[in-house]
Amino acid sequence: MTFAFYLAAAVALVATTLVITRLNLIHALLYLIVSQLAIAVAFLCLGAPFAAALEVILYAGAILVLFVFVVMTLNLGSAVREESEWLTRQAWIGPAILGLVLLGEVVWLLTAGTGLAGTSTAAEPVGPVAVGRALFGEYVLATELAGMLLLAGLVGAFHLGRRTRPDTGEPPGEGSR
Amino acid sequence: MSDLLWAIPFLPLLGFVVLALAGRRLSRRAVAWIGAGSVGLAAVVALATAASFIASPPPSDAAVQALPSWFEVAGLSASFSLRLDPLATVMMLVVTGVGFLILLYSTEFMADDADFSRFFAYLDLFVGAMLVLVLASDLVLLLLGWEGVGLCSYLLIGFWYRDPANGRAARKAFVVTRIGDAALLVGMLLLFTHLGTLDIQELMTRAPAAWPVGSGTAVIAASLLLAGALGKSAQLPLQTWLPDAMAGPTPVSALIHAATMVTAGVYLIARTHTLFELAPPVLAAVGIIGALTLILAGFAAIAQRDIKRVLAYSTISQLGYMFVALGVGAWSAAIFHLMTHAFFKAALFLGAGAVILACQHEHDLYRLGGLRKRMPVTFWTFVASAAALAGVPLVTAGFYSKDLILADAWQHGAYWLWGAAWIGVVLTGIYTTRLVLLAFFGDVGIEPDRRPGARIAVPLIVLGVLSVIGGLVELPASLGGLHALSGFLAPSFAGPPPVAQAAAEPPVGTELVLEGLAALASLGGIALAWLWFSPSRHSQRTPRLPARVRELWASGFGFDRVYELAITRPFTALGIRNRNDVVDGLVRGVVALVRFGHREASATQTGRLRGYAAGVVVGAVVAVGLAAVVFVLVANKGAV
Amino acid sequence: MSSVPLEHVLVLAALLFALGVVALLVRRNAVFMLLAIEIMLNAAGLAFIAAGARWGQPAGQVMFVFILAMAAAEVAVGLALVIRLRRLFGTVDTDAAGEMKG
């Protein structure tokens with residue numbers, strides 16, 4: 001199990017790196033799906049099978065698929081030339097520095113003297129039943145709020161994605177061409 | 001009768017209030033009746049009061065009407081009480097009498113003016129304020145009247161305010177007299193601080209008791225009061241405003257700048273004569289200033305082109321005569337000349353106004369001419385009053401009053417003052433005759449298109465007659481020895497004089513010689529002017545006078561220019577430089593700071609998403625860094 | 001079960017998060033920026049799961065569920081915005097949408 005975790009971790013890291021460096025959007029999305037799947041494996045190793053299932057079904061299977069749909073609709077996958085113009089070597093310098101600084105800070109905080117050293121994640125796997133009980137027990141309020149959030153997201157996405165004129169006569173200022 | 005004293009200033013003031021509130025809605029006739037009528041009524045009351053005063057003089061020769069107290073602050077109590085004594089009687093009669101005649105004249109003169117009611121409202125206010133000034137029993141009330149007349153002078157000089165030049169002239173008058181007014185106020189405060197009261201009679205009793213003759217405080221106080229008088233009476237060095245004040249309508253020039261307001265300075269000095277007697281250097285200065293002014297103004301009058309400016313400089317000059325009289329302690333002579341001057345100067349101004357009105361508002365003497373046949377009434381009254389101004393011997397009032405001043409000057413041993421005054425008589429003769437010749441003789445310059453009506457003619461005639469017979473109240477011993485006026489005024493100037501007045505009159509012989517010299521001077525001046533300016537010599541206007549000299553005289557000896565260079569320009573330059581002073585800098589600094597902050601803050605709103613994202617990440621980096629630092633500190637503390 | 005030290009997992013999460021940050025900063029394409037956000041959210045979820053595994057409690061997974069819900073809503077709205085962006089400016093370049101400056 002431990003070995004599986006480290007392997008999955010390596011896959012995830014490589015895949016994520018590839019995601020952020022690809023020029024083709026579709027390729028990046030697919031690599032991200034790979035990364036999500038690897039993370040799901042890591043979840044399994046950590047004794048969280050429910051989370052692993054959700055990661056695969058929802059994150060990789062719904063959210064990223066939604067991404068793919070939109071990209072296909074807008075036909076963004078062929079904009080490789082643009083991406084190469086934008087993604088020059090120089091453009092990486094600043095973000096890389098910032099990312100390194102952030103990484104350094106966080107890692108230092110996590111490892112040095114936080115009392116986390118040495119603790120292991122070897123515990124009983126927490127199954128869906130327990131998670132379900134917690135969701136609708138202790139955290140029922142948050143669950144309801146999450147539901148409302150999803151509703152808001154739904155309505156918002158619907159409204160923003162609507163075609164405006166000439167069919168419905170939206171108020172001006174919506175800025176359609 | 002002294003119970004009605006309050007009505008005398010009250011009636012014109014009431015007229016002012018009515019006209020100010022409702023004047024626009026009333027008809028011209030109503031305005032004229034209220035405006036002139038209120039002063040006329042006041043004149044009637046004044047006459048009645050004066051008659052009863054003369055017939056049965058009250059005890060101590062003064063009638064006091066005690067009116068409610070005005071204020072009492074820190075020991076200074078001022079009240080509205082009025083006091084009538086001989087001096088005030090004379091002044092009051094002059095103000096109301098001449099004032100009424102001029103108001104009557106104005107009803108025709110200003111008939112075409114759109115601001116008819118405003119004019120009469122201001123004039124009524126002026127007459128009321130002047131009467132308050134003259135009848136006041138304490139200096140605070142006098143100051144109220146003083147300021148009131150100054151205000152009205154400003155309002156009336158700038159009456160035709162739509163022309164900015166008139167506004168400038170009004171401001172100039174106000175500012176220059178303000179200098180005097182400020183000195184007057186300081187003088188009054190000084191008097192109060194040292195003598196504890198501002199009631200005039202009290203002051204005149206306490207001052208000699210408190211201060212020896214020639215003491216420093218008395219000199220300072222008297223000098224300050226003198227400065228106030230110089231401003232109002234347009235003497236050196238504060239005389240520059242009066243020629244420009246001719247921008248106002250002619251009745252205004254007649255009333256305010258000839259007959260009444262400018263005499264307020266003379267009145268003030270006469271009123272507080274005890275104080276001046278305690279300060280001989282100041283009294284000497286009064287005389288010297290008077291003498292210098294009268295000569296300077298005389299020369300200036302010879303070189304003027306504007307008919308009213310000649311009369312303005314003439315007024316300055318004649319006021320100089322009054323100051324000379326005051327300077328030698330001849331109080332009655334000064335008041336006598338004040339009275340006759342009011343008659344003939346007002347007549348001259350009103351006559352000039354009739355000319356101006358008839359000749360389409362032409363003021364330039366070189367364009368006028370030949371009005372002798374066209375405007376006979378104006379001509380004859382003008383000649384009569386001009387003769388009085390020049391002091392034509394025996395038949396004019398001006399001769400008697402001027403002669404009295406000259407005689408008193410000689411009698412008091414002020415021979416230099418006598419000499420200056422004598423030269424002044426010559427100059428007066430010259431410029432007066434020049435004025436008459438240029439305006440009324442020779443070829444007709446501008447055809448008059450209207451004849452003066454009754455309301456212009458009657459005042460002219462009355463004043464013209466007064467210019468002739470008005471001097472018969474005071475005749476020197478050699479000519480009859482009538483001392484009606486000075487006898488009447490004597491109680492006002494009585495009291496323990498620190499300086500001995502001229503005891504008796506000079507011997508008849510000396511007197512006749514002096515009179516002869518005075519007559520010679522006036523007739524000589526007239527003759528010279530006839531020689532130079534008579535119509536047959538039209539081609540030579542001011543013969544044998546270099547242009548530089550003429551310009552110097554015409555500009556009143558360049559005082560305006562000197563003041564502008566020495567005072568106005570540096571002051572305005574300082575003001576302009578001070579526009580951006582420290583306080584301004586502070587305020588502007590705040591504005592600049594805010595603007596700067598705004599610019600910088602809005603520079604962060606680039607609209608670029610990546611910029612915002614970078615900002616968020618940097619913020620997160622900093623926050624986590626802070627957390628790390630805090631954590632280290634806490635951990636170290638905890639570890640210990 | 002496995003006995004992976006907690007800090008190793010957390011370091012993995014930190015690495016993934018840093019990668020997401022770099023991606024967010026370096027990319028101009030709006031869709032890529034949304035992807036970067038997804039990477040970061042995923043990393044955070046991993047950290048929560050690790051903490052839950054450490055204590056053996058479901059709270060970690062519960063938090064992960066919430067993060068998932070939030071990510072879903074955000075992606076929906078975000079993609080709708082990308083569609084709008086594309087319609088308005090004809091491109092998904094975020095620099096083109098810089099009219100709200102000053």
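First, a term: two residues are in contact if their C-beta atoms, placed from the backbone, lie within 7 Å. This is a predicted model, where local features need pLDDT of at least 70, side-chain atom pairs count only at pLDDT 80 or more, and totals for chains, interfaces and linings use all residues. Residues are numbered from 1 along each chain as its sequence is written, while chains are lettered from A and ligands numbered from 1 in the order in which they are written.

Start with chains C and A. Here 64 residues of chain C are in contact with 77 residues of chain A. On chain C, helices H1 (6–26), H2 (30–55) and H3 (59–89) each supply at least two residues of that side. Helices are DSSP runs of H or I, at least four residues, numbered from the N terminus. H3(C) gives the most, with 25 residues.

Next, chains B and C. Here 10 residues of chain B touch 12 residues of chain C. Helix H26 (residues 609–639) of chain B gives the most to chain B's side, with five residues.

How far can we trust chain B? pLDDT is the predictor's confidence in each residue, from 0 to 100. Chain B has a mean of 86, and 95% of its residues reach 70 or more. Over residues 497–504 of chain B, pLDDT stays under 50.
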